[in-house]
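Okay, thanks everyone, let me get the model up on the screen.

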Amino acid sequence: MKAAVFTKYGPPEVVQIKEVDKPTIKENQVLVRVSATAVTSGDARIRGFNIPLGFRTLSRLIFGITKPRKQVLGVVFSGIVEAIDERVTQFKVGDAVFGANNNFGTHAEYIAILERESMVLKPSNIDYTQAAAVPFGALTSLKFLRDFGKIKSGQKVLINGASGALGVYAVQLAKHFGAEVTGVCSAINLELVKSLGADHVIDYTTTDFTSNNETYDIIYDTVGKISFSHCKNSLNVNGRLLLAVAGISQYFKMLSTALIGNKKVVAGVAIFNKKDLNTIKVLLESGELKSVVGKSFLLEDIVEAHRYVDSGHKVGSAVVTLD
Ligand SMILES: NC(=O)c1ccc[n+]([C@@H]2O[C@H](COP(=O)([O-])OP(=O)(O)OC[C@H]3O[C@@H](n4cnc5c(N)ncnc54)[C@H](OP(=O)(O)O)[C@@H]3O)[C@@H](O)[C@H]2O)c1
């Protein structure tokens with residue numbers, strides 16, 4: 001089968017399309033023929049080994065010290081079940097599915113995945129391209145807003161990076177939870193963020209949200225550009241700064257704010273699970289959550305998709321189609 005393989009860390013050009021062995025299913029696994037996947041900011045970080053300060057040694061141990069241990073990137077997928085192990089009960093051959101594989105490998109024509117992983121039936125009201133665009137950003141932002149942010153109805157929430165993969169779902173999920181939402185991005189994406197339900201939008205190229213005398217219960221930074229000292233005065237009492245991108249110093253700040261003061265920094269890593277994906281699926285089916293595809297690429301052009309992600313200005317997801 002064809003797969004996007006990278007054998008060394010580096011720029012987008014290290015990724016090459018190669019013939020590799022098609023996976024065979026083991027106990028409790030499902031073989032999925034991938035229709036669409038996405039190059040996520042997570043894939044691009046690992047490919048370029050662009051890891052936040054303080055976590056580089058640990059990441060080398062996890063992902064490979066001198067060269068990548070897993071040579072096929074890709075977390076998200078949509079596709080069709082082609083085969084199942086005899087113990088599998090939740091899926092049958094021919095099912096249309098989508099999900100997020102914590103073990104990578106979705107930048108390929110086929111993946112073998114445990115049925116208990118975060119994979120569910122694809123909503124019938126969206127296509128494979130739209131389905132692959134959702135899990136990475138939606139599952140991460142669900143984790144951050146609901147679990148790290150303890151978001152409540154009526155709260156004021158600011159999303160920094162509102163037009164990216166995390167941001168577009170953060171805006172919609174925060175609205176779903178009943179918050180008043182402010183989205184921050186550049187001028188070109190303000191209309192999109194409004195269309196996703198944001199009550200207010202701010203163009204960061206002309207306005208610093210910390211200087212407009214507004215305060216928020218949650219500031220969710222999906223970009224890695226906001227420090228606690230810079231936005232502290234924009235947080236309400238008991239407010240939380242949620243950091244999707246955090247190095248060791250931000251984790252120390254999380255510790256110190258947990259001990260002192262009434263405004264907290266919360267950082268963490270979202271691990272994907274089936275229960276949360278089901279929550280997202282229901283919201284997609286009801287139309288409350290909309291998929292946002294910035295650009296779509298063919299597998300053969302995946303290097304272009306990596307370049308688009310590296311720009312730091314992609315809109316929603318960079319989807320890669322295989323069918
Ligand atoms: N902790 C976790 O578990 C976890 C999980 C997933 C991802 N992440 C991390 O989250 C980050 C975001 O991921 P993503 O996929 O959403 O990225 P993305 O799609 O590239 O999003 C970029 C967003 O940032 C905005 N932006 C760029 N420069 C900005 C600035 N100076 N000020 C404010 N906004 C700015 C862009 O808006 P414009 O294009 O309008 O400029 C766009 O909305 C990545 O670094 C990723 O590694 C963390």
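When I say helix, I mean a DSSP run of H or I with at least four residues; strands are E runs of at least two, and both get numbered from the N terminus. Before we go on, this is a predicted model: local features need pLDDT of at least 70, side-chain atom pairs count only at pLDDT 80 or more, and totals for chains, interfaces and linings use all residues. Residue numbers start from 1 along each chain as its sequence is written.

Now, burial. 11 of the 12 residues in α5 are buried, so the rest of the structure largely encloses this helix. Among them are A165, V171 and H176. Buried means 20 or more other C-beta atoms within 10 Å of a residue's own, exposed means 12 or fewer, partly exposed is in between, and the C-beta atoms are placed from the backbone.

On to the core. The largest nonpolar core has 95 residues, and V32, A132, V157, I159, V171 and A174 make the most contacts inside it. A core here is a set of buried Ala, Val, Leu, Ile, Met, Phe, Trp, Tyr and Cys residues joined through C-beta atoms within 7 Å. α5 gives this core its largest share, eight residues. Take I159: leaving aside neighbours within four places in sequence, its contacts include G167, A170, V171 and A174, plus Y220 and T222. Contact means backbone-placed C-beta atoms within 7 Å.

Next, the ligand. It has 30 residues around it, the closest being G161, G164, A165, S186 and H313; the cut-off is a backbone-placed C-beta atom within 6 Å of the molecule. The elements giving two or more residues to that shell are α1 (41-48), α4 (135-148), α5 (165-176) and β9 (180-185).

We've got domain 1 (2-134 + 291-321) and domain 2 (136-267), with bounds from an automatic or database domain assignment. Their C-alpha centres lie 27 Å apart, and 17 residues of domain 1 are in contact with 14 of domain 2. The ligand shell draws at least three residues from each domain.

Methods
Two residues are in contact if their C-beta atoms, placed from the backbone, lie within 7 Å.
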